[in-house]
Amino acid sequence: MGNLMVSSPEKTDEHNNEVTVEVISKVVLGKLIVKHVGNEGTEDSERQAVLRRMLQRVITELEREKPEVWRNAELVIYDMYGNDYSIRAGKAENKFVVHLDGQDEIKLTCMERSSSFKWPWEWEWEWWSSKPKEIAAAPEQQ
């Protein structure tokens, strides 16, 4: 796969198998697929086919996280030969890994969350556990 340089209006920096972008997005990942694996329908090697499927899986999973997560994330992809490819955005405080498991299934795992990140149920729990406001008595009429 070589370098992960992306031609994009978004700012990018190249470092061998690492690319830094403003936000990890469908557009960025789609451009990586086209640049390094080729357009869909082209004849791929087994490695390219697996890498394409891995990147497509990440595109599918992007919407499961809040957009701000992907502005401050690092996504490391380990291909079938153990080569790693990194896509970074912001301070890369939310860390995700994509790899093949023992049955050659693609797994996307969150390894670390930003300390400012809150799980959706934490917001709900704060609402649930907060004390209700007291209702003021109506003023007496004279």
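**Figure legends: overall chain, helix pair and nonpolar core**

Of the 142 residues in the protein chain, 32% are buried (under 20% relative accessible area with a 1.4 Å probe, protein chains only). The model is predicted, with local features needing pLDDT of at least 70 and side-chain atom pairs counting only at pLDDT 80 or more, whereas totals for chains, interfaces and linings use all residues. Residues are numbered from 1 along each chain as its sequence is written, and side-chain values use heavy atoms, leaving out hydrogens and water.

**View 1. Secondary structure of the protein chain.** Four helices and six strands are present (DSSP runs, H or I of at least four residues for helices and E of at least two for strands, numbered from the N terminus). Along the sequence their pattern is β-β-α-α-α-β-β-β-β-α.

**View 2. Packing of helix α1 against helix α2.** Helix α1 (residues 26-36) packs on helix α2 (residues 46-61) at an angle of about 170 degrees, with the axes 9 Å apart (lines fitted to C-alpha atoms over the stretch in contact, angles running from 0 to 180 degrees between N-to-C directions). The pair is therefore roughly antiparallel (angles over 145 degrees). Residues of α1 that meet α2 include Leu29, Leu32 and Ile33, where contact means heavy atoms within 4.5 Å.

**View 3. The largest nonpolar core.** This core has 24 residues (buried Ala, Val, Leu, Ile, Met, Phe, Trp, Tyr and Cys joined through side-chain atoms within 4.5 Å). Helix α2 gives the most to this core, with five residues. Ile24, Leu29, Leu75, Ile77 and Ile87 have the most contacts inside the core.

**View 4. Surroundings of Leu29.** Not counting residues up to four places away in sequence, Leu29 touches Ile24, Leu55, Val58, Ile59, Leu62, Leu75 and Ile87.

Conventions:
Parallel < 35°, antiparallel > 145°, perpendicular 65-115°, else oblique. Buried < 20%, exposed > 50% of the residue type's maximum accessible area, 1.4 Å probe, protein only.
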